[in-house]
Amino acid sequence: MLHIANSIAEVLLPIAYVLTAYMYAVSFFSDDSFSRRYRSYALVATTVLHFFYVGFHTSEYGRCMVTTPFEIMSLIAFTLILTYTIIEFRSGEKGAGFFIITLAMLFELTSAVVLKFTDAYDANPVLSHMGIGIHVTLAVFGYAGFALSAMHGVMYLLMYRELKRGSFGSAYRNLPSLEALESMSVLASLVGFVFLTASMIVGVIWLPRMFTDFSWFDPKLLSTALVWLLYLGMITARYGMRVGGRRIVLLSIGGFAAVVLSLTVVNVFLSDFHRFL
Amino acid sequence: MIYAVGVNHHSAPVAVRERLHLSDDEITAFLRENKGKLFREASIVSTCNRTEFYALPMSSEVDGDVLIQELRNLRSSDPIGEEHFFRFMSCGAVSHLFKVASAVDSQILGDMQILAQVKHSYELALLAGSIGNVFNHLYMGAFHTGKRVRNETAVGIGAVSVSFAAVELARKIFSDLRDKHVLIVGSGETAALAARHLLDKGVDRLSVTSRTYDNAVALADQNRARAIRFENYANLIHEFDIVVSATSSPTPVVTHDAVKHAMKKRQNRPLLILDLAVPRDVEPRVNDLPNVFLRDLDSIQSIIDQNIVQRRAEIPRVNAIATEEVVNFFVWYNTLEATPTIQQLREKFEQVRAAEVDKFRNRIEGNSLDAVELLTRRIVNKLLHPAMVSIRKPLYDGGEISTRIQVVRDLFDLEAGCHDAMKDNGQE
């Protein structure tokens, strides 16, 4: 029964993401009344479906959803859509949905389509360990925060460009104010930074115990430390030196580019013990 | 039959409209006085752009002309020409009210303030006791139409005046205008309007500067603002988040160097400069500075133009919603008149059916009789269904539902006396 529910959710979830992202895209670029009216329902339905999927998957495999890249990507998508759903219902702002849900959809599709055809279900036993599970879960939340921050940064730049040029298009009509986008970007970075810091602390405690070939000079550890320093610099610039506006969102986007590099190139090609793909 | 007569911005110039504008007291007095004499139910919508009288007359002698005359009599000392009045009846009247409530008939397309004004007219009519079953349904339909239009279309979205567009622009940069500091450069009419509008939108901290200091003080006093001497303001630009410039100076009064200097002091926090002057007050290359957003009148006008185009594009959708709601209203309204005829028609068909089945009763075996009963009932229902539906349909050609009902009655030879009695009961 659980297996059937999990399998059905696995098929429905990518479809739900595509439909929701499509409705938000149509609403962003046109005034389609159907999409504008029902997009929030689609959002809630997708979030609830993903919530149940996380529950089904966890119950079926008897472990947290952080033991394979397939699971981690799906969890990042869930974190993004859940965070956005809360923001939308609290603020009533729907313009940012197109960007964030599209990003979540990309994570979910990558998880569902690409990694589904690999041996992604075979969990690395090390990742099933409690300490490492917490380490990875915290990192997922941290990276989701950085992704949200970067998306708000991209929206800021689009809005900035339209305001500067006086070409008032979709961004001008749909997005919240520059000030709101900047503060959302900074706040998401701050939340991401806190989670990444916590993840690093847990990692420092558990990784040397779990891996015999542990090295402090592993490229993945160094690149993560670099990401951490970048965000520390950004937060210091914002709160210590009162740097704001375009500069701060560029730092946020740059930080996320470093995250992506750290998660892809460094992880796949350079890292040694700290690689699970 | 429902009538709508009156003057609005389509039919009459402002000089006529303002003469026929009615106060709340005048409206309630008029409705009270004529209830039961002129009409069964009625209401009046009176705003700066329209005075419209909606009525369900007491008899067929009271038509659009009579209602217009009654309105004209309200201003008998200063008569208004009949050519300024519009008139609608039946579907046209209901459709007009629904379009008014949905702001598609407003002078400023999509100005949703009208829905509140329509609600107010309903409240006045309730107070005067001139709202009955029909007008209650009519107004509920109008409110529902207005709400649907607001929720399902973008006809009210986007600013369509310079002052609103300027505030909309400011809100796209700053999330909350209340904690922003605004500087008005100039003390003329445009500057005064801008100051008033910004205060209306919640701006708390306002400063005014003008080449004539006394004028700046006067404008500042009117708007709870601070006056700044013109020779000092360039050194204070960094204190402001929004600068609105509207002087008649032939040369720029806000220079690139002054703003560049101010931005350094502001640590590059965003600065919005609205140049509402012609010739322009602000050097255009100010917009090249990072985090400075300079918009002039042309730029603001382009926002307005875009919004107007967008609002106009929504008109077909608004009309479709209004038409849908008019149909819903008339399906209900026509039922009032058609119900007695429908009942009689059903009874007549049932009598014929029962009589015919009776004739064949002896030839049908016991078990089959139920099946024959069921079959004949279904045939009768299917034959009657299209007639039942079309008899309630709204008429768009100005015709009357009673004519249609009479055709049905003549065709099927239904008794007349019974119909009239039932119709009266139904309407009351």
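Predicted model: local features only at pLDDT ≥ 70, side-chain atom pairs only at ≥ 80, totals over all residues.
User: How many helices and strands does chain B have?
Analyst: Let's start with the overall make-up of this chain. Of the 428 residues in chain B, 38% are buried. As for secondary structure, chain B has 10 strands and 16 helices.

User: What share of the contacts in chain B between residues at least 6 apart in sequence join residues at least 24 apart?
Analyst: Two residues count as being in contact if their C-beta atoms lie within 7 Å. Taking such pairs in chain B that are at least 6 apart in sequence, the share that joins residues at least 24 apart is 71%.

User: Which strands are at the edges of the open sheet in chain B?
Analyst: The open sheet has 6 strands with parallel pairing, and the order in chain B runs S7-S6-S5-S8-S9-S10. An edge strand pairs on one side only, and that holds for two strands of chain B: S7 (226-229) and S10 (292-296).

User: Which residue is the bridge partner of Thr209(B) in S7(B)?
Analyst: S7(B) pairs with strand S6 (residues 205-210) of chain B, in the parallel sense and over 4 bridges. Within that pairing, look across from Thr209(B) and you land on Ile228(B).

User: Is strand S5 of chain B mostly covered or mostly open, and how many of its residues are buried?
Analyst: S5(B) has a partner in S6(B), parallel over 5 bridges, and another in strand S8 (residues 242-245) of chain B, parallel over 4 bridges. Being buried takes 20 or more other C-beta atoms within 10 Å. S5 of chain B, residues 181-185, is mostly covered, with the buried count at 4 of 5.

User: Through which helix does the chain cross from S5(B) to S6(B)?
Analyst: The two strands pair in the parallel sense, with His181(B) bridged to Arg205(B) in S6(B). The β-α-β crossover between them is right-handed, and its helix is H8 (residues 189-200) of chain B.

User: Which residue in S8(B) stands opposite Val185(B)?
Analyst: S5(B) and S8(B) run parallel and are joined by 4 bridges. Opposite Val185(B) stands Ser245(B).

User: Which element gives the most to the side of chain A that touches chain B?
Analyst: The contact takes 22 residues from chain B and 17 from chain A. On the chain A side, helices H2 (33-61), H5 (130-165) and H7 (178-210) each give two or more residues. The one that gives the most, with 3 residues, is H7(A).

How values were computed:
Residues numbered from 1 in each chain as written. Chains lettered and ligands numbered in written order. Pairing = 2+ DSSP bridges. Buried ≥ 20, exposed ≤ 12 C-beta atoms within 10 Å, placed from the backbone. Right-handed = clockwise from strand over helix to strand, strands pointing away.
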